[in-house]
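I opened this notebook page to record what I looked up in one structure.

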Amino acid sequence: MRNIVLTGFMGSGKSTVGRLLAERLGMRLVDTDEEVERMAGMSIPEIFERYGEKRFRELEHLAVRHISELEGAVIVTGGGVVLNPENLRLLRRRGVIFYLHAEPEVICRRLAGDTSRPLLRGGSLEERVRKLMSQRAERYADHDFMIDTSHLSPSRVAERVAEIYLSLID
Ligand code: S3P
């Protein structure tokens, strides 16, 4: 059974949708961020603080290499997984890539007050979100299916992903 891979910007709802999907389809749930934290034995903000983004990306790539070998899993990825095209190539070998899009205003609303994302710290949240999103737009375009989550509840998004996924394996 192929994996369901969820990509998308921070705050696009990947974790919540992933959990709902795993429950709904009875599939195992894995998360690249959690795997990185497990490997490093520390939280993501701590990794960034102590070793920087470059080291985080190396660990993230290792996590992807490991996780992409699974089968029949719902794989939630960190928002920057798409920055390394090799990550997507590996994940696609056994998985279908669903890109969860959300408009920048929606992302900002969802992430207001969040302190767990090092790349969004300091300065104006809106400026940071817009800049990173536009820098990454081409990377997120590398997907098999896109769902605009801006005006959908996580359970509606999960329903759509499940529908598409099940239609592929029928
Ligand atoms: C990042 C997204 C985060 C986490 C890290 C970097 C990014 O994951 O991997 O803070 O570069 O977009 P979420 O998308 O789950 O917030």
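**Basis.** I worked from a predicted model, in which local features need pLDDT of at least 70, side-chain atom pairs count only at pLDDT 80 or more, and totals for chains, interfaces and linings use all residues. Residues are numbered from 1 along each chain as its sequence is written, and side-chain values use heavy atoms, with hydrogens and water left out.

**Ligand shell.** I looked up which residues surround the ligand and found 13, the closest being Lys14, Asp33, Arg57, Arg117 and Arg136. A residue is taken as near when one of its heavy atoms lies within 4 Å of the molecule. By class, I noted 5 nonpolar, 3 polar and 5 charged residues in this shell. Here Ala, Val, Leu, Ile, Met, Phe, Trp, Tyr, Cys and Pro are nonpolar, Asp, Glu, Lys and Arg are charged, and the others, Gly among them, are polar. Helix α3, residues 44-67, gives the most to the shell, with 3 residues. Helices (H or I, at least four residues) and strands (E, at least two) are DSSP runs, numbered from the N terminus.

**Contacts and cover.** For Gly79, a backbone N or O atom lies 2.8 Å from a ligand oxygen. For Gly80, the backbone distance is 3.3 Å. Arg117 uses its side chain, where an N or O atom is 2.8 Å from an oxygen of the ligand. The protein covers 95% of the 390 Å² of accessible area that the ligand has on its own, by the Shrake-Rupley method with a 1.4 Å probe.

**Individual residues.** I sorted residues by relative accessible area: buried under 20%, exposed over 50%, partly exposed in between (1.4 Å probe, protein chains only).

- Glu69 is in the loop between α3 and β3 (73-76), and counts as partly exposed because its relative accessibility is 42%. I found its C-alpha 9.8 Å from that of Gly95, 26 residues apart in sequence.
- Gly95 is in strand β4, residues 95-101, and counts as buried because its relative accessibility is 0%.
- Arg19 lies in helix α1, residues 14-25, and is partly exposed at 41%. Its C-alpha is separated by 20 Å from that of Arg117, 98 residues apart along the chain.
- Asp114 is in the loop between α5 (104-111) and α6 (125-140), and is partly exposed at 31%. Its C-alpha is 9.9 Å from that of Gly11, 103 residues apart along the chain.

Key
Polar contact = N/O pair within 3.5 Å; in protein donor to acceptor, adjacent residues only side chain to side chain.
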